[in-house]
Amino acid sequence: YGDNASVDDLVMGADGALYLLVEKDLSWAKWGRLQAALDNSELASFHRSLQGAQVHYESTDSTSYGEAVTEIDAFQATAFQKASRVEFRSTGSSVYYLKHQGVIRNSLKLRVEVRDIVSGSVRSSQTLKMGDDYQFNAQSGRIMFWQPPEREVQSELLMTKHNYAQDQVYLVAHYSYSIADDWSQGISGAELKQAVGDNVIVGVTRIDEQKLNSDYSLEGLNSTIHIGSDHSVTLEYARSESRNEPQFYSDDGGLSWGTITASSTDSELISGDAFSLRGQAALSEGRTNISYYGRNITEGFDSSYFDRFRGQKSYGFDVDHRLSEQLSVRFKHHHQTELNKTAADDKKSSSTLQATYDLSNKLMLTGELQHRDNRGESADNIALQGRYQFSDDASISITQQGAISGDGGSQTRLDAN
């Protein structure tokens with residue numbers, strides 16, 4: 001057009017005859033196909049492809065930390081397809097198959113997560129784009145990557161319980177697929193985030209879904225507290241009620257599937273709650289960095305993001321301090337207990353002390369001591385590594401590892417990246 005305006009193709013924006021979008025400043029209202037996402041809370045997060053109405057309000061005022069003073073999201077919709085969330089452990093291959101066929105093409109949301117081998121916490125996460133990162137055949141459920149995800153990535157530690165320092169890579173897929181019945185009768189959700197002063201954010205989330213044979217509800221509270229400019233703490237609590245349904249995972253790219261379920265019959269109504277705390281701090285003008293976490297997830301809690309932590313209580317911390325320009329030390333601890341069990345073989349813990357000395361801007365030496373208690377069996381190990389950094393993305397290292405007590409043995413490893 002002469003005024004440089006453009007026209008978008010709105011056919012894919014709605015499943016019905018009407019599509020509507022109204023915007024003002026940072027706020028908007030929409031009727032049509034929704035990619036509903038409530039993600040201000042990890043415990044009470046929600047992601048679905050739906051048809052209905054959604055409203056987002058975001059104040060133009062913000063705190064000194066860049067957070068909106070008020071933020072509200074709400075939706076009311078209908079889902080004529082069943083939603084699923086599955087996990088793949090990366091195989092390093094280009095091809096993966098979803099658990100279900102007949103997938104609604106635009107409903108697929110795919111991300112890559114790197115998870116700490118010790119705690120299981122997510123170290124990094126990247127959302128992938130269809131077309132740019134992968135091809136998708138919705139009818140067969142086949143995902144084909146242009147560049148396959150790595151199978152494992154180098155850990156921040158020299159040793160782990162498996163005696164090699166590799167963090168695991170997972171693919172997490174959210175999608176909807178067609179079924180014969182009108183499976184969902186209606187779904188609604190709302191999320192409020194409000195600043196209280198400049199240093200405190202509080203939030204509340206509520207999700208309700210009326211299904212043909214069962215209902216689902218999830219509600220949560222969360223708060224982020226800024227203790228100065230270099231320290232923040234996030235507290236969350238959530239509770240769910242639902243029918244027991246399996247969650248699927250695959251270790252071979254979707255050729256076979258395992259399930260995670262709570263300990264109840266398939267038709268039993270289950271409920272549970274969860275609590276989490278996490279924080280980060282930078283002290284001594286950035287020379288000391290501290291992160292810490294704690295979580296308690298009961299077995300009956302149903303939120304797909306935390307299925308792998310069901311029935312567990314865990315806590316841990318990571319302290320990294322630079323003593324001088326050349327020398328830094330780090331201490332990392334993780335402890336995990338199975339809920340409702342008291343035997344020693346239901347507990348795991350790992351403590352690691354690490355020191356790194358930079359001989360130059362390219363050559364560094366790292367030493368590490370580690371103590372592990374794994375379900376009643378303990379081990380102490382030591383490792384020494386020399387690393388030469390050719391450039392930002394090229395290095396070579398040699399690591400010698402030995403056992404002080406318990407299992408582990410001696411091994412030498414040469415890595416080139």
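Trainee: Which residues line the second largest cavity?
Mentor: This is a predicted model, to start with. Val118, Leu157, Lys332, His333, His334, Ser350 and Thr352 form the lining of the second largest cavity.

Trainee: How much space lies in the second largest cavity?
Mentor: About 30 Å³.

Trainee: And how many cavities of 30 Å³ or more does the whole structure have?
Mentor: The search finds 2.

Trainee: Back to the lining. Which strands each supply at least two residues?
Mentor: β22 (327-338) and β23 (347-358) do. β22 gives the most, with 3 residues.

Trainee: How do the lining residues divide into nonpolar, polar and charged?
Mentor: The lining of the second largest cavity has 2 nonpolar residues, 4 polar and 1 charged.

Trainee: Switching to charges. How many salt bridges turn up in the whole structure?
Mentor: A search of the whole structure gives 18.

Trainee: What does Lys193 pair with?
Mentor: Lys193 makes a salt bridge with Glu71. Their closest N and O atoms are 3.4 Å apart.

Trainee: Where do those two sit in the chain?
Mentor: Lys193 is in strand β13 (residues 184-196), and Glu71 is in strand β4 (residues 70-78). They are 122 residues apart, so the pair links distant parts of the chain.

Trainee: Buried or exposed, Lys193 and Glu71?
Mentor: Lys193 is buried. Glu71 is buried as well.

Trainee: What about Glu113, which residue does it bridge to?
Mentor: Glu113 forms a salt bridge with Arg115. The closest N and O atoms there are 2.9 Å apart. Glu113 and Arg115 are both buried.

Trainee: Which residues are linked with them in a network of salt bridges?
Mentor: The network takes in Arg85, Glu87, Arg111, Glu113 and Arg115.

Trainee: And Arg413, what is its salt-bridge partner?
Mentor: Asp415. The closest N and O atoms of that pair are 3.0 Å apart. Arg413 and Asp415 are both buried.

Trainee: Why can such side chains pair at all?
Mentor: Opposite charges can pair when the charged atoms of the side chains come close.

Trainee: On to sheets. What is the strand order in the open sheet of 3 strands?
Mentor: The order is β6-β10-β9, and the pairing is antiparallel.

Trainee: Which strands stand at the edges?
Mentor: β6 (95-97) and β9 (134-137). Each has a single partner strand, so one side of each lacks a neighbour in the sheet. From one strand to the next, the twist averages 20 degrees.

Trainee: How many bridges join β9 to β10?
Mentor: 4 bridges join β9 to strand β10 (residues 142-145), running antiparallel. In β10, Phe145 is the bridge partner of Tyr134.

Trainee: Which way do β5 and β17 run, parallel or antiparallel?
Mentor: Parallel. Strand β5 (residues 82-89) and strand β17 (residues 247-250) are joined by 3 bridges. Val86 has Phe248 in β17 as its bridge partner.

Trainee: And β17 with β18, parallel or antiparallel?
Mentor: Antiparallel. Another strand, β18 (residues 258-260), is joined to β17 by 3 bridges. Gly258 in β18 is the bridge partner of Tyr249.

Trainee: One last residue. Where is Ala37?
Mentor: Ala37 is in strand β2 (residues 27-38). Ala37 has a relative accessible area of 28%, so it is partly exposed.

Trainee: How far apart are the C-alpha atoms of Ala37 and Ala74?
Mentor: They are separated by 9.8 Å. Along the chain, Ala37 and Ala74 are 37 residues apart.

Notes. Residues numbered from 1 in each chain as written. Predicted model: local features only at pLDDT ≥ 70, side-chain atom pairs only at ≥ 80, totals over all residues. Heavy atoms only, no water. Salt bridge = Lys/Arg side-chain N within 4 Å of Asp/Glu carboxyl O. Buried < 20%, exposed > 50% of the residue type's maximum accessible area, 1.4 Å probe, protein only. 1 Å grid on protein atoms, 1.4 Å probe; cavity = no way out; pocket = protein on both sides within 12 Å on 5 of 7 lines; lining within 4 Å. Points joined across faces, edges and corners; volume = space filled by probe spheres on them. Nonpolar A, V, L, I, M, F, W, Y, C, P; charged D, E, K, R; others polar. Pairing = 2+ DSSP bridges. Axes fitted to C-alpha atoms, helices over the stretch in contact; angles between N-to-C directions.
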